[in-house]
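Colleague: I am new to this structure. Could you take me through its helix packing and its domains?

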Amino acid sequence: MRGTPEIACDNRAPVSKKIAVIPGDGIGPEVIAQGMRILERVNGARRLGLEFVHFGWNADEYLRTGVSIPEGAMDDLRRNYAAIYLGAFGDPRIPDMKHAADILLGMRFQLDLYINYRPVKLLDERLSPLKEKKKIDFVIFRENTEGAYVGMGGNFKKGTPDEIAVQEDVSTRKGVERIIRYAFDFANRSGRKSVCMSDKNNVMRFGGDLWLRTFEEVAREYPGVEHFHLFVDALAMQMVRAPEMFEVIVTNNMFGDIVTDLGAALQGGLGVAASGNINPGKVSLFEPIHGGAPKYAGKDVADPIGAIHSAGMMLDYLGHAAEAKSIEDAVVAAVRAGETTQDLGGKLGTRAAGEAVLKRLTTKDNAAI
Ligand code: IPM
Ligand code: MN
């Protein structure tokens, strides 16, 4: 974050001040609690006027009532909220992930959150898993409303030796073009030099062809931004071998899901990675990229940094770039001081790691928030 909003910074921040807070399952509530301490502090000190409304949708609620997300809730979010701050979904008692699919994927699809914005930035060299120290600072844009996630397909002769399963991978011209254009726009306005598009068009010929043609066409509108293409297997290799070659990456839903976990590992692990699910100018969703991690739930060990970072990203989206920058600076300072949870080599619990960030919150002129 560079002092001006990084995302959707074309004065299209929603006007509503209402934020839906959905902690979800597992470690979700613990990490969101830390993010909320930061948000409430900044909201009060800087008089942002944000109003937080908590929603208890999660696995417990689903198991108790059979309802994953109440009727009309999606419309309420769409009409009345500026943003959604979400923890995590996933619970071993619901192996088919029905409630997670209804809530998380439901919001991505029904609110048309077509941009999955997942920055990969090494906050401190100590966190790098790579032997050689390399620059790791790029952004992955994952298409978020199409691809293998549309759930098209089915089983034929299920349960018999002749069973056939078909799972479609859907790309539309409109869907591909808007995410690619957003990646170029972002590179252009944030001063990043290049956009890499990644797919697997040597095998997935039809969808891949649509992606590559669209990429080349949109690239022509941005002569100031370099562009190149990598097959996704090569991308995975280069992200580890030469991460410094990337500034902006754009890819489809499934490949984006996979390479953003790799990206998370490059910046210190799933605990620190943040994401935005964005529809510019509309209600958008911010969440750490980790899941519910049930085995760590309730133990005060989960790393709250991914959630805190996501809170900063949400403020950035809402037009509060300076406040977002203060949060990022506070996170970096806490990490550099080693005041972190164990996954980052520290000794603190979730709450204390949140506290460490909170006490470092200052404004540009160094006044405490
Ligand atoms: C993510 C997650 C989700 C996804 C799961 C929980 C459905 O892995 O946000 O990356 O696959 O998109
Ligand atoms: Mn994932």
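Modeller: Start with α1 and α11, which are roughly parallel to each other because their angle falls under 35 degrees. Helices here are DSSP runs (H or I, at least four residues), numbered from the N terminus. The model is predicted: local features need pLDDT of at least 70, side-chain atom pairs count only at pLDDT 80 or more, and totals for chains, interfaces and linings use all residues. Residues are numbered from 1 along each chain, chains are lettered from A and ligands numbered from 1 in written order, and side-chain values use heavy atoms, without hydrogens and water.

Colleague: At what angle do helix α1 and helix α11 pack, and how far apart are their axes?

Modeller: Axes are lines fitted to C-alpha atoms over the stretch in contact, and angles run from 0 to 180 degrees between N-to-C directions. Helix α1 spans residues 28-45 and helix α11 spans residues 350-358. Their angle is about 20°, and their axes are 9 Å apart.

Colleague: Which residues of α11 does α1 meet?

Modeller: Contact means heavy atoms within 4.5 Å. From α1 come Glu30, Val31, Gln34, Arg37, Ile38 and Arg41. They meet Thr350, Arg351, Gly354, Glu355, Val357 and Leu358 in α11.

Colleague: How many residues of that contact are nonpolar, polar and charged?

Modeller: Ala, Val, Leu, Ile, Met, Phe, Trp, Tyr, Cys and Pro count as nonpolar, Asp, Glu, Lys and Arg as charged, and the others, Gly among them, as polar. For α1 with α11 the contact has four nonpolar, three polar and five charged.

Colleague: Are α5 and α6 roughly parallel or oblique to each other?

Modeller: Helix α5 (residues 173-190) and helix α6 (residues 205-220) pack at about 45°, with axes 9 Å apart. Over 145 degrees would be roughly antiparallel, 65 to 115 roughly perpendicular, and the rest is oblique. α5 and α6 are therefore oblique.

Colleague: What is the class make-up of the contact of α5 with α6?

Modeller: Among the α5 residues are Val176, Ile180 and Phe184. The α6 side includes Leu210, Trp211 and Phe215. By class, the contact has nine nonpolar, one polar and four charged residues.

Colleague: Which domains does the assignment give?

Modeller: Domain bounds come from an automatic or database domain assignment. The centres, taken over C-alpha atoms, are 24 Å apart. The contact takes 16 residues from domain 1 and 20 residues from domain 2. The two are domain 1 (1-115 + 273-369) and domain 2 (129-267).

Colleague: Which residues in domain 1 lose the most area to domain 2?

Modeller: Buried area is the accessible area (1.4 Å probe) that two parts lose on being put together, summed over both. Between the domains it is about 1600 Å², with 56% from carbon and sulfur atoms. Three residues together give 38% of what the domain 1 side buries. They are Phe109, Tyr114 and Ile115.

Terms used
Helices (H or I, at least four residues) and strands (E, at least two) are DSSP runs, numbered from the N terminus.
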